[in-house]
Amino acid sequence: MATQPIGYLKLHLYNTLSRKTEVFRPFYPQRVKVYTCGPTVYSSPHIGNFTAYIYWDLLIRTLKANGYIPFRILNLTDVGHLTSDADDGEDKMEKGAKQAGLSVWEVAEHYTKEFLSGYESLHLTPPDRLAKATGYIAEDIKLINVLTDKGYTYETRDGIYYDTSKFPAYPDFARLKLESLKAGARVEFSTEKRHASDFALWKFIQPGDTHAMRWDYLDRPGYPGWHIECSSIIHAELGETIDIHTGGIDHIPVHHTNEIAQSEAAFDRQLAKYWLHCNHLTSEGQKISKSLGNGYTLAELSQKGFSPLDFKMWVLQGHYRSERDFSLANLEAAKIRRLKWRNRLAACYQAQLFSKDSGVANSQDPTTSLEQVKYAVNDDLNSAAAFAIIDQADHVSLDFWQGIEDLFDLDLFTDIEAAQDFALPILEERAIARSEKDYQKSDQLRDQLAEHNLTVLDSPHGQIWQFLS
Ligand SMILES: [Zn+2]
C-alpha cells in the first residue's frame, strides 16, 4: 500500500479547518487531489509571489516521498478582477495593461510566461494541470446558475451577489464575527448589497465602462467576480471534494471563506478536507511594496549574483507557517549554506569514484540521516528542522544527497560531472608538479581551476576539487 510512513512518523499537516495538526488521511489510499490558488498575472512576479509555490512544491514532494500520487491543479487568474477583496477598487489587469501600453490579453500572456519561467528556474514540480481562469467562464456561469436555483443569490444593478446570510456556516472557517464585520464595513460601491460579507459572483459592465474582458450572461456583458473561478475549476477538474487546498493566510477571511460558501452551497459536499496556509513574507522589515523597491524579482536577484535556487534555499530554511523577513544579507547566508552542501556532495562524489577505482566497498549507510530528514518534513513540512539535520549529517553517501534532492531540489548535482571531467587531469598534473617541487606550475594549475569556478583542497586522502561559488 502507498500509505506506509516514511521515517518514523506518518505525515502530519496543520489543518486550518480544525486549527490543529492532524495525521494526513486522504480519501483514497493513493491518489491525493490538491488545489493551489495561483497568481494574478498582471505584473512581474516578485519574491513574495514565489514563496508560497516553493512551500507547496515541498508539500507535493513530501506526498510523493510518502508513496502518494498527488494530482494538482494550479490556477492562473488571467481574468480582470478588482484590486480589493471588497468588490471595489481598480481592476488589476486593466491597470497593468494601462501601465504597459498593452491589451489585457497581452498583459495576461506576458506575465504568465514570466511567472512560468520563474517557476521553472526554481525547480518547482509542474502542476498536473494549469488552469487559466478565462478557460472556465462557462463553468462559472453554470455554478452561478446552480446557486441561483438554490436561492443563494440576488441581483443588483451591479451584478449577481452571493447572499452570505443563506449559508449559516459562512463565518466558521475564518472564525469570523459577522457583527464586527458589519460594523467595520464600508459598503459604498454597491449600496444594494444586503450584507457586508456578501460578494459578487458576476459583475455587469456598466454603460461607459471600458472593461476589456467581457462575456455575455443574462443578456448583458459582464465578467466573473473575484472568487468564483477557484470553485468552478476545482469542480470541473477535481470533482466535488478534494484532499488538500493550499493558499496564503490572507486568503482565509475572504477568498477561501467565499470559495467554501460557493462550493458547499452548490454541491452539498465539503470542498476540501485539509486547508494549508502559508504565512506572510516581509522584505527588509516591511511589507513588500513597489514604492519601497523591496519586492525583488528573480532577475534582480540574479543580477546581484544569486541563483533562484539560493532563494529557494532561503525560503525552505524557514517553516511555511512562520512569518519570514527577507533580506539580501540573509540570502547571502543561504547562498553560502547551499554552496557548502554542493561542496560536500562534490567531495562525496569524488570519494565514491575513488572507492570504486580502488575496489574499496562504500561502507557508508545513508539510511539513518535520510530517514531523520524525512521524519522532519513529515512533521508538518518542517524544512527548517530538516535542514539542521542535513548540516550535521556526516559520512553520508551520494544516495543521501539524491534523497535530499528528491525532497527539496536545490539543484545540488548541477555541474558536478563537468567539473570532474575538467578538474581531474589538472589535479593529476598538479600532483606531479608538486612531487617535483615545481610550485610555480602548481600555482598556474590552481589559477586554471579558478577560471572555471573551482579550487583544490589538499585532504588526507589526496587532492579534491571544490566549487568556489
Ligand atoms: Zn482560490
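This is a predicted model: local features need pLDDT of at least 70, side-chain atom pairs count only at pLDDT 80 or more; totals for chains, interfaces and linings use all residues.
Let me start at the end of the helix.

Now the helix itself. α6 covers residues 228-238. Is it enclosed or open? Nine of its eleven residues are buried, so α6 is largely enclosed by the rest of the structure. The buried ones are I228, E229, C230, S231, S232, I233, I234, H235 and L238.

Next, the packing against α7, which is made of residues 252-267. The axes of α6 and α7 lie 8 Å apart, and the angle between the two helices is about 45 degrees. Angles from 65 to 115 degrees would count as roughly perpendicular, and those under 35 as roughly parallel. The pair is therefore oblique. As for handedness, α6 crosses α7 in a right-handed sense.

Which residues make the contact? On the α6 side they are I228, C230, S231, I234 and H235, and on the α7 side E259, Q262, S263 and F267. Sorted by class, that contact has four nonpolar, four polar and one charged residues. One general point about helices: with 3.6 residues a turn, residues three or four places apart point the same way.

The loop between β10, residues 220-224, and α6 holds W226. Is W226 buried or exposed? W226 counts as buried because 23 C-beta neighbours lie inside 10 Å, and the cut-off is 20 or more. E284 is 58 residues away from W226 along the chain, and their C-alpha atoms are 30 Å apart.

Technical notes: Residues are numbered from 1 along each chain as its sequence is written. Axes are lines fitted to C-alpha atoms, for helices over the stretch in contact, and angles run from 0 to 180 degrees between N-to-C directions. Helices (H or I, at least four residues) and strands (E, at least two) are DSSP runs, numbered from the N terminus. Angles under 35 degrees count as roughly parallel, over 145 as roughly antiparallel, 65 to 115 as roughly perpendicular and the rest as oblique. A crossing is left-handed if the near helix is turned anticlockwise from the far one by less than a right angle, and right-handed if clockwise. Two residues are in contact if their C-beta atoms, placed from the backbone, lie within 7 Å. Ala, Val, Leu, Ile, Met, Phe, Trp, Tyr, Cys and Pro count as nonpolar, Asp, Glu, Lys and Arg as charged, and the others, Gly among them, as polar. A residue is buried if 20 or more other C-beta atoms lie within 10 Å of its own, exposed if 12 or fewer, and partly exposed in between; C-beta atoms are placed from the backbone.
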